[in-house]
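These are my notebook entries on a structure I looked up. I record below what I asked of it and what I found.

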Amino acid sequence: MDYQPISGVWSYVAMSLKVTLIFTVVMVVVAYTTLAERRVSAWIQDRHGPNRVGPFGLLQPIADGIKNILKEETLPATASRVFFILAPILVLFPSLVTFAVIPIAAPLPTPAGVVDMIIADIPIGILYVLAFSSLAVYGVVLGGWASNNKYAFLGGLRASAQMVSYEVALGLSLLAVLMLAGNVTLTEIVWQQQQLGMWFAFPLSLAFILFVISAFAETNRLPFDMPEAESELVTGYHTEYSAMKFSAFMISEFGHMVTASALMATLFLGGWDLPGSWDNAHWYQGQLISGFAADGSVILASPALWKTLATFGGFAAKTGFFLVLYIWIRWTLPRFRYDQVMSLGWKVMLPTALAYAMLMAGTILTLDEIGLAYGFGYGLVLTAVSGMATVGFVFMLDRGRTITGAAAQRTQRIQTKTIQVGEAGHPQPEEAA
Amino acid sequence: MAERTIELNVSRNPEMGVDGLPKASPLAPIDIAEPDLGTEEMLINIGPQHPATHGVLRLICELDGETVVDVTPDIGFLHSSFEKLGEYRTWNQIVTLTDRMDYLAPLIYNCAYVMSVEKLMGIEVTERCKVVRVIIMEMDRIFGHLLWLGTTAIDVGAFTPFLYAFQQREKIYKLHESLTGARITTSATRVGGMMADLPEGWIDQLNDFLDHFPNTLGEIDRLLTGNQIHIGRTQGVGVIGADEAINYGLTGANLRAAGVDYDVRKDQPYYDYETYDFEVPIGEHGDCYDRYLCRMEEMRQSVRILRQAIDRLPGGPINVQDPNISLPSKTDCMSDMESMIHHFKLITDGIPAPEGDCYMAIEGSKGELGMYVVAEEGGTKPVRWRIRPPSFVNLSAIPKLARGHLVSDLIMINASLDIVLGEIDR
């Protein structure tokens, strides 16, 4: 059967449906991530969590939304009015718009043609993601500065420094992915993972770890929540915000989490790909193919509704895994200090990402020179090389070379002494008298 | 924050005008040129309303970027004039003031106060009372340390240990409640004994707590002690040497973390502490991490002491059998003439004290807690009542500890000193 991409007036219908659907789904997921965070943290901390509004507290996000809309909007007298209002908008926009280039499922066949399950399959996918995720820092910095509050100001400063620093490590850790995939389009990256026969988390394990750490820092989540740091800076850059403007900051934080999770799932866990090649589908020279035969001829794909649904389920599960990881880590770890975050970013993440990019470039070049076919064996060699690099990286981190004094932690630092009465040289009351 | 100077004429022999009156002092400020605005230190208030000041403490910080150039604690927001109020209350009425000072470990304050009064009056409490007081004091040492542990964890960003700690505190709250009827303002002690003997089943309840508490402590220990981030946040932060710690008058875990082996329970034992088998943890670096380790170990040692105290808890009366000190039972008051007279005298007059003054120090949860009372002959109220609050003295070291560190470290140092504003402001 010959599949053609959807075209004509139906493509506009499909596009508007996709935009509406994905935006709605993302917003609902954001709302329910706030609930999930509270429920999971409650579970971790041995308490109940919100369970009053609706069954299992399922209507809690709606109640929160209504509350935030009804609350009073405050505008500090000394705040810079325009930027104060602009900041939440600026911070909300990039966190949602990034989702446009992430493929969420296998192509869906319809009578009018095959619909790609992605809003905009633009050829500069990852660059678009990087560009828009960097824009989010403007909202944070503006919010901190426009509040005319010292805590907010410090929070904004921290946010700008931190996000700029980790942007570098994030971009560099992506280099390995781009080299292996040979493309910056996210659909192409998913396709290359299907072709390789394994998800990039294995052949590029160190890039995966670096990316996850940088993504945590990019989304300002604990242990990197320097800009907020409620025990130091009250709540940092959004100290002065209330009601819906505050809510916009919260939505953007969770929106960033969802987008980053989806991105990590796409780049390193195969996106919507499920194990096996039954669901593979990719546009190749005008044909929807599922792979290449040994002689180089194409194998045509057979998209189906159930395949689209199944792959969407896979994508949702992978994204959900990262969301739970975000929440789990937040409620387990303490927070870094500001300078430790910076030194981790510049002294550890950046050189490691650079060295790893070099290593992967060398390995990929060598494998291509040898003429090893791009496939499972190719992936295994890369997995071995990356595995060694990862072990070295973890070894280095574990030996306390990043955090001052951590090397001494294994040695017992506290001695318990049994002091006999009078032995310590302190006069007894009777003697003193 | 341009600097302005005001010149005042403060000379002893002011210049006289023609009318024989001193010339008006030049009070008007003399403007000087605005200094260069390039690098200015930022003045920031941490508190009195701030999530990490553990009460209403105001820390006035001078920041250079995020580095603390100087910090000045501003106290007194919670001042209630307890010491002066005490001069208008009889010996037993003062007990209710004491637990409002350290509301994180109220029973220790209750005990410390009555111990100083008993020492002044030369009252020897019964054996049972001694052991009961050791039990409630050690219980509240855990109580106070748990709050410190939870809030310190929050200040460092770890929320979960806070709730683990508070679940255990809740159990102690319940113990307080069944012992005294109140959860925080316990007022459990009386001169010469206790408000009431231990209720039925209280020891079982305490044993139940002791069975589960070490597990929870171990869980928190696993979350924090070996955690690289926690270590990075605490080791080498807020270091104070042994000599300086003594000079600043630090006591309690803050002093012991600096390597000074001074514990009032060991060095000036009271209530037979010398016969209990326990150890005092001593640090060596004097930083936040050592203070953390010391307090964690102290909680384990308190569990040891509690178990020994429960084992040796003797029977017999809890109050001294002296009608001039202890109230008779209500039944006796209603049926026995003499008891009724004693009851009347004790309620209307109070307990007469001999002339003199007395200082009594015990090891509180925050450090050496001293109570000084002065009485006149036959007085039923103190002439002067003065407290040596450990938190007050410990807080004075914060400018020294925090200078040169970052704001985040200042929060950590403040948390590690384990202060309670009730006793600082009194």
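Entry 1, a glutamate in chain B. I began with E368(B), whose side chain makes a polar contact of 2.8 Å with that of Y262(B). I counted as a polar contact a pair of N or O atoms within 3.5 Å; within protein, one must be able to donate a hydrogen and the other to accept it, and residues adjacent in sequence count only if both atoms are side-chain atoms. The model is predicted, so I kept its limits in view: local features need pLDDT of at least 70, side-chain atom pairs count only at pLDDT 80 or more, and totals for chains, interfaces and linings use all residues. Side-chain values rest on heavy atoms, with hydrogens and water left out, residues are numbered from 1 along each chain as its sequence is written, and chains are lettered from A and ligands numbered from 1 in the order in which they are written.

I placed E368(B) in strand β8 (residues 368–375) of chain B. Helices (H or I, at least four residues) and strands (E, at least two) are DSSP runs, numbered from the N terminus.

Is E368(B) buried or exposed? I found E368(B) buried and without a salt bridge; R388(B), the nearest side chain of opposite charge, is 4.7 Å away. Buried means under 20% relative accessible area, exposed over 50%, and partly exposed in between (1.4 Å probe, protein chains only). A salt bridge requires a side-chain nitrogen of Lys or Arg within 4 Å of a carboxyl oxygen of Asp or Glu. For charge, Lys and Arg count as positive and Asp and Glu as negative, while His and the chain ends are not counted.

I then listed what E368(B) touches, leaving out residues up to four places away in sequence; among them are T251(B), G252(B), V264(B), Y359(B) and P390(B). Contact means heavy atoms within 4.5 Å.

D64(A) lies in helix α2 (residues 60–70) and R38(A) in helix α1 (residues 9–44) of chain A, so the pair ties together parts that are 26 residues apart in sequence. D64(A) is partly exposed at a relative accessible area of 21%, and R38(A) is partly exposed at 34%.

Which residues form one network through salt bridges that share partners? I found E138(B), R141(B), R256(B), D263(B), R265(B), E298(B) and E363(B).

Chain A has 12 helices and 6 strands. Its C-alpha trace spans about 105 × 60 × 40 Å along the principal axes. Of its 433 residues, 51% count as buried. Among contacts in chain A between residues at least 6 apart in sequence, I noted that 77% join residues at least 24 apart.
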